[in-house]
Amino acid sequence: MVYPLPNNDPERLYEYLDTHNPPVDVDAIARLLGIERDTSFNPYRFGYSGEIFRTPEGGVKVWINPGDSPARQRFTLAHEIGHFVLHMTHDENLRFKDDIK
(Lines give C-alpha, C1' and ligand atoms only; values in the text may rest on other atoms or scores of the structure.)
Protein backbone atom coordinates (compact mmCIF):
# COMPACT_ATOMS: atom_id res chain seq x y z
CA MET A 1 0.00 0.00 0.00
CA VAL A 2 1.32 3.45 -0.89
CA TYR A 3 0.70 6.21 1.63
CA PRO A 4 -0.94 9.28 0.03
CA LEU A 5 1.06 12.13 1.53
CA PRO A 6 -1.43 14.97 2.13
CA ASN A 7 -0.23 18.46 1.27
CA ASN A 8 3.48 17.56 1.43
CA ASP A 9 3.18 17.30 5.20
CA PRO A 10 6.06 15.29 6.66
CA GLU A 11 4.61 15.52 10.16
CA ARG A 12 1.55 13.55 9.03
CA LEU A 13 3.85 10.85 7.67
CA TYR A 14 5.72 10.77 10.99
CA GLU A 15 2.42 10.31 12.84
CA TYR A 16 1.25 7.65 10.39
CA LEU A 17 4.43 5.64 10.92
CA ASP A 18 4.05 5.99 14.69
CA THR A 19 7.82 6.41 14.91
CA HIS A 20 8.82 8.25 18.03
CA ASN A 21 12.24 6.79 18.74
CA PRO A 22 15.32 6.10 16.66
CA PRO A 23 16.29 4.30 14.61
CA VAL A 24 13.85 5.24 11.87
CA ASP A 25 13.39 2.59 9.19
CA VAL A 26 14.05 4.72 6.09
CA ASP A 27 13.63 1.70 3.78
CA ALA A 28 10.11 1.20 5.16
CA ILE A 29 9.33 4.87 4.58
CA ALA A 30 10.51 4.62 0.98
CA ARG A 31 8.35 1.53 0.41
CA LEU A 32 5.36 3.21 2.07
CA LEU A 33 5.72 6.22 -0.26
CA GLY A 34 6.01 3.97 -3.31
CA ILE A 35 9.65 4.87 -3.95
CA GLU A 36 11.52 2.04 -5.66
CA ARG A 37 15.26 1.43 -5.57
CA ASP A 38 17.10 1.75 -8.87
CA THR A 39 19.93 -0.77 -8.59
CA SER A 40 21.28 -0.31 -12.10
CA PHE A 41 25.00 0.08 -12.54
CA ASN A 42 26.04 3.29 -14.26
CA PRO A 43 29.64 4.49 -13.90
CA TYR A 44 28.60 8.06 -14.74
CA ARG A 45 26.61 8.21 -11.52
CA PHE A 46 29.55 7.51 -9.24
CA GLY A 47 30.16 11.23 -8.70
CA TYR A 48 26.86 11.28 -6.82
CA SER A 49 25.73 9.95 -3.47
CA GLY A 50 22.16 9.63 -4.63
CA GLU A 51 19.47 10.63 -7.06
CA ILE A 52 15.68 10.58 -6.97
CA PHE A 53 13.57 10.89 -10.10
CA ARG A 54 10.26 10.16 -11.72
CA THR A 55 10.12 7.35 -14.24
CA PRO A 56 8.45 7.86 -17.64
CA GLU A 57 5.57 5.75 -16.28
CA GLY A 58 5.04 8.18 -13.39
CA GLY A 59 6.65 6.14 -10.63
CA VAL A 60 9.45 7.35 -8.39
CA LYS A 61 12.87 5.72 -8.14
CA VAL A 62 15.88 6.43 -6.00
CA TRP A 63 19.45 5.48 -6.82
CA ILE A 64 21.95 5.23 -3.95
CA ASN A 65 25.68 4.95 -4.63
CA PRO A 66 26.59 1.31 -3.86
CA GLY A 67 30.20 2.36 -3.20
CA ASP A 68 29.19 4.42 -0.16
CA SER A 69 29.22 2.97 3.35
CA PRO A 70 25.93 1.52 4.67
CA ALA A 71 25.56 4.49 7.03
CA ARG A 72 26.05 6.95 4.16
CA GLN A 73 23.57 5.01 2.00
CA ARG A 74 20.99 5.19 4.78
CA PHE A 75 21.55 8.94 5.17
CA THR A 76 21.32 9.47 1.40
CA LEU A 77 18.05 7.54 1.19
CA ALA A 78 16.59 9.68 3.98
CA HIS A 79 17.84 12.82 2.23
CA GLU A 80 16.29 11.80 -1.10
CA ILE A 81 13.00 10.97 0.64
CA GLY A 82 13.12 14.54 1.98
CA HIS A 83 13.36 15.87 -1.58
CA PHE A 84 10.38 13.74 -2.53
CA VAL A 85 8.22 14.82 0.40
CA LEU A 86 9.04 18.51 0.15
CA HIS A 87 9.22 19.00 -3.61
CA MET A 88 8.26 16.08 -5.82
CA THR A 89 4.75 15.30 -4.64
CA HIS A 90 3.46 18.42 -6.37
CA ASP A 91 5.89 18.76 -9.30
CA GLU A 92 5.96 15.85 -11.70
CA ASN A 93 9.16 16.87 -13.51
CA LEU A 94 11.71 17.35 -10.76
CA ARG A 95 14.89 15.31 -10.50
CA PHE A 96 17.42 15.67 -7.68
CA LYS A 97 21.07 14.62 -7.69
CA ASP A 98 23.31 15.03 -4.69
CA ASP A 99 27.02 15.05 -5.36
CA ILE A 100 29.57 13.53 -3.06
CA LYS A 101 31.22 16.81 -2.13
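Let me start with the hairpin: strand 2 and strand 3 form one, with five residues between them, and glycine 58 in the turn has a positive phi of about 100°. Helices here (H or I, at least four residues) and strands (E, at least two) are DSSP runs, numbered from the N terminus.

Before going on, some housekeeping. This is a predicted model, where local features need pLDDT of at least 70 and side-chain atom pairs count only at pLDDT 80 or more, while totals for chains, interfaces and linings use all residues. Residues are numbered from 1 along each chain as its sequence is written, and side-chain values use heavy atoms, with hydrogens and water left out.

On confidence: pLDDT is the predictor's confidence in each residue, from 0 to 100. The protein averages 77, and 68% of the residues score at least 70. Among the elements, the highest mean pLDDT is 92, for strand 1, residues 35-37, and the lowest is 57, for strand 4, residues 95-99. Keep that in mind when you look at strand 4.

Now the overall layout. The protein has three helices and four strands, and from the N terminus on they run α-α-β-β-β-α-β. Of the contacts with a separation of 6 or more, 56% join residues 24 or more positions apart; contact means heavy atoms within 4.5 Å.

Back to the strands. Two strands pair if DSSP finds at least two bridges between them. Strand 2, residues 48-54, pairs with strand 3 in the antiparallel sense over five bridges. Strand 1 and strand 3 pair in the parallel sense, over three bridges. Which residues stand opposite valine 62 in strand 3? Arginine 37 is one of them, and isoleucine 52 also stands opposite valine 62.

How covered are these strands? Buried means under 20% relative accessible area, exposed means over 50%, and partly exposed is in between, with a 1.4 Å probe and protein chains only. Strand 2 is mostly covered, with six of its seven residues buried. Strand 3, residues 60-64, is mostly covered too, with four of its five residues buried. For the protein, buried residues make up 35% of the 101 residues. The protein exposes about 6,500 Å², and carbon and sulfur atoms supply 53% of that. Those areas come from the Shrake-Rupley method with a 1.4 Å probe; for residues, only the protein chains shown count as cover.

Next, the core. A nonpolar core is a set of buried Ala, Val, Leu, Ile, Met, Phe, Trp, Tyr and Cys residues joined through side-chain atoms within 4.5 Å. The largest one has 13 residues, and those touching the most other members are Leu33, Ile35, Ile52, Val62, Leu77, Ile81 and Phe84. Helix 2, strand 3 and helix 3, residues 70-88, are the elements that give two or more residues to this core. Which element gives the largest share? Helix 3 does, with four residues.

Then the charges. Side chains of opposite charge can pair when their charged atoms come close. The rule used here is a side-chain nitrogen of Lys or Arg within 4 Å of a carboxyl oxygen of Asp or Glu. By that rule the count comes to one salt bridge. Aspartate 27 forms a salt bridge with arginine 37, and the closest N and O atoms are 3.0 Å apart. Aspartate 27 lies in helix 2, residues 26-32, and arginine 37 in strand 1, so the pair ties together parts that are 10 residues apart in sequence. Aspartate 27 is partly exposed, at 33% relative accessible area. Arginine 37 is also partly exposed, at 39%.

Two more residues, and then I am done. Glutamate 36 is in strand 1 and is partly exposed, at 49% relative accessibility. Leaving aside its neighbours within four places in sequence, glutamate 36 is in contact with Val60, Lys61 and Val62. Its C-alpha atom is 8.1 Å from that of glycine 59, 23 residues apart along the chain.

Asparagine 42 sits in the loop between strand 1 and strand 2. Asparagine 42 has a relative accessible area of 27%, which makes this residue partly exposed. C-alpha to C-alpha, asparagine 42 and asparagine 65 are 9.8 Å apart in space and 23 residues apart in sequence.
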